[in-house]
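Thanks for making the time this morning.

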Amino acid sequence: MPELRRMLPSSNALFVFDAAARNGSFTAAAVELNVTQPAVSRMLGQFEEHLGVRLFDRKAGRAVLTEEGELLYRRVLDGFRSIETGLVEIERRRKGTETVTLSVSSAFTTHWLMPRIDKLQRQFPKVDLRFQLISGALRGPVENVDLGMRFRDRDEPSSGGTLVMKEVMLPVCSPGYVGQTGPEGNTIIRLAETSGDWAADYPSFLTKRRGAAKALSFTDYAVVVQAARLSQGIALGWLAVTSHWLLTGALVPASDALATTRRICEFLPPRNRPMRPIAAEIRDWIIEQMRRELTAIDRIHAKLGLISACY
């Protein structure tokens, strides 16, 4: 931080710069900051002189960021948001409320967690939940959040994660789709980034359709599952996402065979800070709810051998 202090004429310069950049006007920034327009102009002029670059182009009463100004504004905005988040967290802790941020897939959040949000909030009444949603594959480091769901190969070194379940998939569709008959073939709903033709691994599905197969492809797995729920076809269901709908009957197995891989699903602690006790409690609650749900599904669809495959 000493280097930062050397590079700034004053910390107030950043607040004035932020207001001017956000409003696109020195006059509007002055109103927001409750100072005069010449005071804003003078502060930003000194800031530019100190840095040796122009941050704004002054054009007909407007303040337009230069390329250097845009670069600095992105960083200042990120920094101010981070500081604001920290201050809000301190305020909430003072009032007895904690914020927990989860890094999870949009599909898991939409199809597994959302049906349980009320239950989760009753279990943890003094926790505000935030989400870092990932629409694609669950990869990448877990940083600046409290807990992250990720997949890894069993042969890869552990990062201190806690097992949620092994990666297990099952073709799924709606009960209405299974009951439809006709000459047309099945519609196979695909996740765009999934390699290969997963449907080719299943010689038959539990449907009456016998025509040539068609395909739907989506880049977000949350949409893949929703399309299956709406009777649009058969999707490959990752059980960590679809188990709720299998338990409620909104989705049913479209095959008698499970697919397993060498990957496992884990909850990882943040890489850049210690695991907070409240985050560990939420992690354990989710894992316990998942296991109970899979056990109940195993009783309904005993021939699948779900529990032995998942754990």
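Let me begin with a question: which side chain does D57 meet in a salt bridge? Before I answer, a word on conventions: this is a predicted model, in which local features need pLDDT of at least 70 and side-chain atom pairs count only at pLDDT 80 or more, whereas totals for chains, interfaces and linings use all residues. Residues are numbered from 1 along each chain as its sequence is written, and side-chain values use heavy atoms, with hydrogens and water left out.

The partner of D57 is R54, with N to O at 2.0 Å. By salt bridge I mean a side-chain nitrogen of Lys or Arg within 4 Å of a carboxyl oxygen of Asp or Glu. For accessibility, buried means under 20% relative accessible area, exposed means over 50%, and partly exposed is in between, with a 1.4 Å probe and protein chains only. On that scale D57 is partly exposed at 21%, and R54 is also partly exposed, at 49%.

The structure holds 15 salt bridges, and I will pick out a few. R262 forms one with D155, where the closest N and O atoms are 2.9 Å apart. This pair links distant parts of the chain, since R262 sits in strand β11 while D155 is in the loop between β5 (147-153) and β6 (162-173), 107 residues away. Helices (H or I, at least four residues) and strands (E, at least two) are DSSP runs here, numbered from the N terminus. R262 is partly exposed at 44% relative accessible area, whereas D155 is exposed at 61%.

A further bridge joins the side chains of D256 and K303, at 3.3 Å from N to O. D256 lies in the loop between β10 (252-253) and β11, and K303 in the loop between α11 and α12 (306-310), so the pair ties together parts that are 47 residues apart in sequence. D256 is partly exposed at 41%, and K303 is exposed at 66%. There is also a network of salt bridges that links D18, R22 and E32.

Let me turn to the interior. A nonpolar core, as used here, is a set of buried Ala, Val, Leu, Ile, Met, Phe, Trp, Tyr and Cys residues joined through side-chain atoms within 4.5 Å. The largest such core has 64 residues, of which F108, M165 and L239 touch the most other members, and helix α11 gives the most to this core, with 9 residues. Contact means heavy atoms within 4.5 Å, and, leaving aside neighbours within four places in sequence, F108 is in contact with L113, M149, A240, V241, I286 and M290. Apart from this core lies another, of 21 residues, among them A19, A29, L55 and A63.

Helix α10 (residues 239-248) is mostly covered, with 8 of its 10 residues buried, including L239, H244 and W245. Just after α10, G249 takes a positive phi of about 90°.

In strand β11 (residues 259-268) we find L268, which is buried at 13% relative accessible area.

Next, a hairpin. Strand β1 (residues 56-59) runs antiparallel to β2 and is joined to it by 4 bridges; two strands pair if DSSP finds at least two bridges between them. The hairpin has 2 residues between its strands, and A60 in the turn has a positive phi of about 50°. K59 has R62 as its bridge partner in β2. Strand β2 (residues 62-65) has a covered face, A63 and L65, and an uncovered one, R62 and V64.

I90 lies in helix α5 (residues 67-94) and is exposed, with a relative accessible area of 56%.
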